[in-house]
Amino acid sequence: MNDVITLVAPFAGWLAPLEDVPDAVFAERMMGDGFAIDPVEGVLRAPAAGAVINVPESRHAVTLRLDNGAELLLHIGLETVALAGRGFDARVAAGDRVEAGDVLIAFDLDAIATAARALITTVIIASEGYTLALDSLARSVAAGAVVGRVSRSGATVVDALVSDVGAERKLRVTAANGIHARPAARIVAALRPFLAEVTIHAADRSANARSTIALLGLGAGKDDEVRIVARGGDAQAAVDAVADLILANFHETAHASASKPVVSNTGPVRAAPGLAIGQAFQLRSADLDVPTDGNGVAAEQAGLSRALADTATSLDGAHGTAAEIAEAHRALLADPELAATAARHIAEGRSAGFAWRAATAEAAAALRATGDALLIERIADLTDLERQVIGRLIGATAPAAPVLPKGAILFGEDLLPSQFLSLDTARLAGIVTAQGGPTSHVAILAASAGVPMLVAAGDAVLAIADGTPVILDADRGTLSVDPDADALAEASTRLSAQRERRDRELAAAQRSAHTADGVRIEVFANLGSVADAAAAVSAGAEGCGLLRTEFLFLERATAPTEEEQRETYSAIAATLGERPLIVRTLDIGGDKPVPYLPMDREENPALGLRGVRLTLARPDLMRIQLRAILRAVPAAQCRIMLPMVADLGDYRPVRVLLDEVSAELGVTGRIPLGVMIETPAAAMLAGQIAQEADFLSIGTNDLTQYTLAADRGNASVSSRIDAMHPAVLRLVREVGKGAAEAGRWAGMCGGLASDPLAAPILIGLGITELSATPAQVPGVKAAVARFDMAACKALAERACDAQSAAEVRALAMEAHA
């Protein structure tokens with residue numbers, strides 16, 4: 001067998017490193033090493049001779065086993081699995097033999113380019129034990145041109161592993177949930193570039209740091225001390241890579257800052273809020289039968305490899321919360337300890353299905369043995385992947401999603417993420433599970449979809465007959481089975497009132513917002529994607545008050561190019577029509593580290609080099625972003641906003657740079673440049689800043705934590721953080737006053753702007769633009785219309801004179817009653 005295989009370009013196009021792929025799964029090599037090509041023709045060819053081992057039903061990818069045993073995944077475009085095969089014509093099938101240059105897939109280049117997120121195609125080494133050596137990158141290549149070689153790692157790996165060179169570090173885990181599924185997956189991904197053997201120790205337990213399953217079984221929680229030990233030629237670098245992840249809280253700021261549900265020892269626990277009335281529907285899933293004995297080690301191992309690859313490919317194209325869960329599932333599918341356990345059973349003569357079920361069962365038992373409730377919730381993920389992989393192994397199609405009756409309250413022992421995603425949420429009123437926990441992945445999905453959910457309700461709920469009337473009140477943590485007429489009437493009244501209010505608000509939301517006496521108040525939306533923009537327009541948003549651009553910069557190895565940024569901003573602007581678009585410049589810092597912006601670790605990132613401070617230190621990034629914004633957004637629609645400004649010293653250099661870039665691009669007229677008021681200093685100097693800035697917009701999330709000296713990521717002081725606190729409202733009053741005196745407008749894009757209860761107070765304090773989450777736009781507009789300016793000002797003064805946030809909220813609720 002030839003250990004070294006020459007790879008040729010599978011089609012003509014631009015040859016690029018994986019770092020240029022705008023998807024963290026590929027760019028960070030979570031699936032393996034490789035390269036990318038942006039194609040200029042619609043024919044994918046074999047880059048080397050080998051056997052076809054998989055072509056998914058969506059026909060957007062193909063996996064080859066080369067003659068040296070390496071498995072090569074060729075994946076056309078990004079998020080193309082969602083096209084369900086449209087535009088793709090597979091010319092090969094599993095089992096076919098191909099030579100270099102043979103056609104694998106023909107595809108409609110123009111149609112795919114229009115429908116997919118991007119056309120850039122990845123070529124990934126999907127198996128361990130192989131090394132990729134590439135010729136020069138960042139160049140145009142013809143189909144069939146030599147691009148590199150893939151070889152067995154051979155002695156290089158062995159030498160690294162047996163080396164006496166070692167390294168070790170001790171540190172404490174400070175992430176809110178410890179080493180759970182996503183952090184474990186990220187540790188595994190971080191170690192891919194290294195050859196050293198790495199083990200993590202916690203108390204009397206140890207785990208292979210390259211195994212997600214082993215890391216979960218470690219049971220390392222918040223504040224636990226861990227010891228990272230590595231041996232091999234690159235041991236120190238490997239240890240440092242893991243340590244940096246732990247010190248950065250695994251880059252999980254958003255999750256760490258979320259308030260953790262309180263779990264009681266009795267009765268059901270709220271996993272997703274809401275109230276629902278419906279009929280019980282029991283979800284019953286049976287395990288698929290698998291043969292005990294196999295048909296030979298080679299055949300069973302090959303079958304398992306194909307099934308794992310197919311399942312991993314099926315996870316492509318997820319967005320938002322589902323994408324984060326898919327990341328953790330991919331890591332489990334590639335877990336070396338699961339693979340080793342399955343391989344052991346196959347070597348003993350068992351079938352691939354039997355072996356995979358046994359491997360996941362052993363891993364589940366290890367997680368259960370930790371006694372950690374959060375880790376035990378991950379058993380559902382193993383069960384989900386067990387069923388998906390076995391379904392592919394035995395050729396069984398995925399079981400059809402259950403046909404839910406309208407208003408179904410779904411009951412089950414537990415619910416798997418894939419099962420939830422297959423449900424018709426239009427007919428689903430709520431979910432109750434006997435087991436599970438409030439931080440399970442399916443609980444996160446339910447909350448994101450607005451489906452009320454109770455978990456840990458006990459086995460008794462599995463005996464509730466289908467069709468039984470049920471009241472699910474997740475907010476109160478109660479479940480009423482076969483309630484009497486009075487209970488049904490009371491719940492129905494509450495639910496009807498909520499729905500009628502939402503319907504009225506949505507129907508009126510397409511009209512511009514005015515107070516009861518006709519004063520114009522703009523109600524915009526906070527956005528982070530094209531999908532958000534579409535939702536905002538449907539909800540009646542009159543523009544975008546905050547476009548978060550950091551989503552383009554995070555979870556990748558290199559900064560986004562000017563063209564990539566331009567395409568994204570342009571798509572969002574087009575979705576908004578002619579509505580104003582306020583683009584916030586890059587707002588990251590030490591709490592959101594990125595590999596291409598090396599920064600020293602900061603004791604308090606919230607007070608460190610972040611926001612405009614960072615971009616002033618890196619004017620090259622600022623210039624590229626400003627150019628992309630001005631090229632993408634029509635001048636009449638465009639407004640730009642700077643985060644974390646303290647005074648005019650932060651504003652003036654950017655104004656100069658923006659004017660320079662405008663002149664370079666031939667943009668006529670002054671592009672409005674505003675300031676995000678997030679620091680008490682900026683609030684107190686609002687009058688000065690407004691003399692030069694074109695507008696002010698308050699970010700209440702940071703302003704509140706800085707004003708009240710309470711870290712919004714610290715659960716022990718989270719109850720103190722309330723933007724309705726009189727001290728915060730007095731700063732808002734200063735901003736409204738300073739803007740008005742300078743003839744500028746003052747808006748708010750922080751969390752408080754999404755609270756209809758706060759709307760009249762904010763208007764009374766001089767805020768004339770409120771930017772809310774898209775879902776809250778109708779409610780905020782309705783609140784604006786209920787009050788005249790005199791009432792708003794009177795309520796605002798009473799709020800500023802109050803002694804606590806609770807007193808302010810009581811005043812606001814009384815005004816809304």
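Helix H28 (residues 789-801) and helix H29 (residues 805-816) pack at an angle of about 160°, and their axes lie 9 Å apart. Helices here are DSSP runs of H or I with at least four residues, numbered from the N terminus; axes are lines fitted to C-alpha atoms over the stretch in contact, and angles run from 0 to 180 degrees between N-to-C directions. Because of that angle, H28 is roughly antiparallel to H29, a term for angles over 145 degrees. Their crossing is right-handed, meaning that the near helix is turned clockwise from the far one by less than a right angle.

A word on the model: it is predicted, so local features need pLDDT of at least 70 and side-chain atom pairs count only at pLDDT 80 or more, while totals for chains, interfaces and linings use all residues. Residues are numbered from 1 along each chain as its sequence is written, and side-chain values use heavy atoms, leaving out hydrogens and water.

Let's return to the pair. With H28 and H29 crossing in a right-handed way, the contact (heavy atoms within 4.5 Å) brings together Leu795, Arg798 and Ala799 of H28 with Val808, Leu811, Glu814 and Ala815 of H29. By class, five of these residues are nonpolar, none polar and two charged; Ala, Val and Leu are among those counted as nonpolar, and Arg and Glu among the charged.

Now look at helix H8 (residues 297-314) and helix H10 (residues 336-347), which pack at about 150° with axes 9 Å apart. That angle makes H8 roughly antiparallel to H10. Val297, Glu300, Gln301 and Leu304 of H8 meet Ala342, Ala343, Ile346 and Ala347 of H10.

Terms used
Helix = DSSP H or I, 4+ residues; strand = E, 2+ residues; numbered from the N terminus. Parallel < 35°, antiparallel > 145°, perpendicular 65-115°, else oblique.
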